[in-house]
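Please look at the structure below before reading on.

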Amino acid sequence: MNAVTAIDRPVDTSRLRGFVTALADLIACTRDEQALLESGRTLLARLVARDDWLPPEYARPDPDRYQQYLLHCDSRERFSIVSFVWGPGQSTPIHDHGVWGLVGVLRGSEQVERFHRLPGGGLVAQGTDILREGEVDAVSPRIGDIHRVSNGRADAPSVSIHVYGANIGAVERATFAADGTPKSFISGYANRVIPNLWDRSRNA
């Protein structure tokens, strides 16, 4: 049985609901990016430390490309939460975000290649990291915003949870060719239905 595509144990979405609520409270208290990243990192690390809450339809890989599933978007679009699902060998192009973000690995691992864009438009590689289960990374235009992400496993899917300081599927961003040439894109989402986090009747 593939642990990513078929999970027989019950799913406890109250963990995600609690994370959404805590993150909304944090953003209501401060818009300071450093404070958001530091406190948000702690919240996200707590969420990805347990793997019993993500509904399986939002952890399903696609054979052709990685998937970005919307789990929640704030009604004022101050933040969004998505699951990224990587099949074996899948990766993003080099891209930016334009907003702050946090990435926590729920299953498997991710390879992150970081880049810096020079004033003239060229790209300079800044190293490669491996993020493993439970680890959290941060991005923003202020601290470093351009990277390429790949599944860190060659023979199985990986799943990560991303939090962004906007409705990331509606933000105009850019991918970059190896020479730094940008191409605008808006990512959208792979799903049309989001999880129902607010029905507590099954817990009654």
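A residue is called buried when its relative accessible area is under 20%, exposed when over 50%, and partly exposed in between (1.4 Å probe, protein chains only). Helices (H or I, at least four residues) and strands (E, at least two) are DSSP runs, numbered from the N terminus. The model is predicted, so local features need pLDDT of at least 70 and side-chain atom pairs count only at pLDDT 80 or more, while totals for chains, interfaces and linings use all residues. Residues are numbered from 1 along each chain as its sequence is written, and side-chain values use heavy atoms, with hydrogens and water left out.

In helix 2, the buried residues are E33, L36, L37, G40, L43, L44, L47 and V48. Their cover includes helix 1, strand 4, strand 7 and strand 9, where contact means heavy atoms within 4.5 Å.

L47 lies in helix 2 and counts as buried because its relative accessibility is 4%. Leaving aside residues up to four places away in sequence, L47 touches R15, L16, F19, W53 and I161. From L47 to G134 the C-alpha distance is 8.7 Å, although 87 residues separate them in sequence.

The axes of helix 1 (residues 14-29) and helix 2 (residues 33-48) come within 10 Å and cross at roughly 175 degrees. That makes helix 1 roughly antiparallel to helix 2 (under 35 degrees is roughly parallel, over 145 roughly antiparallel, 65 to 115 roughly perpendicular, the rest oblique). Axes are lines fitted to C-alpha atoms, for helices over the stretch in contact, and angles run from 0 to 180 degrees between N-to-C directions. On the helix 1 side, R15, L16, F19, A22, L23, L26 and I27 meet L36, S39, G40, L43, L44 and L47 of helix 2.

An open sheet is formed by 5 strands in the order 1-2-9-4-7, with antiparallel pairing; two strands pair if DSSP finds at least two bridges between them. Strand 1 (67-73) and strand 7 (136-139) are the edge strands, each pairing on one side only. On average, neighbouring strands are turned by 25 degrees against each other, direction ignored. Strand 4 (residues 101-107) is joined to the antiparallel strand 7 by 4 bridges, and G101 has V139 in strand 7 as its bridge partner.

Both helices pack on this sheet, as tabulated.

| Helix | Strands touched | Angle between directions |
|---|---|---|
| Helix 1 | strand 1, strand 2 (80-86), strand 9 (158-164) | about 135 degrees with strand 2 |
| Helix 2 | strand 4, strand 7, strand 9 | about 15 degrees with strand 4 |
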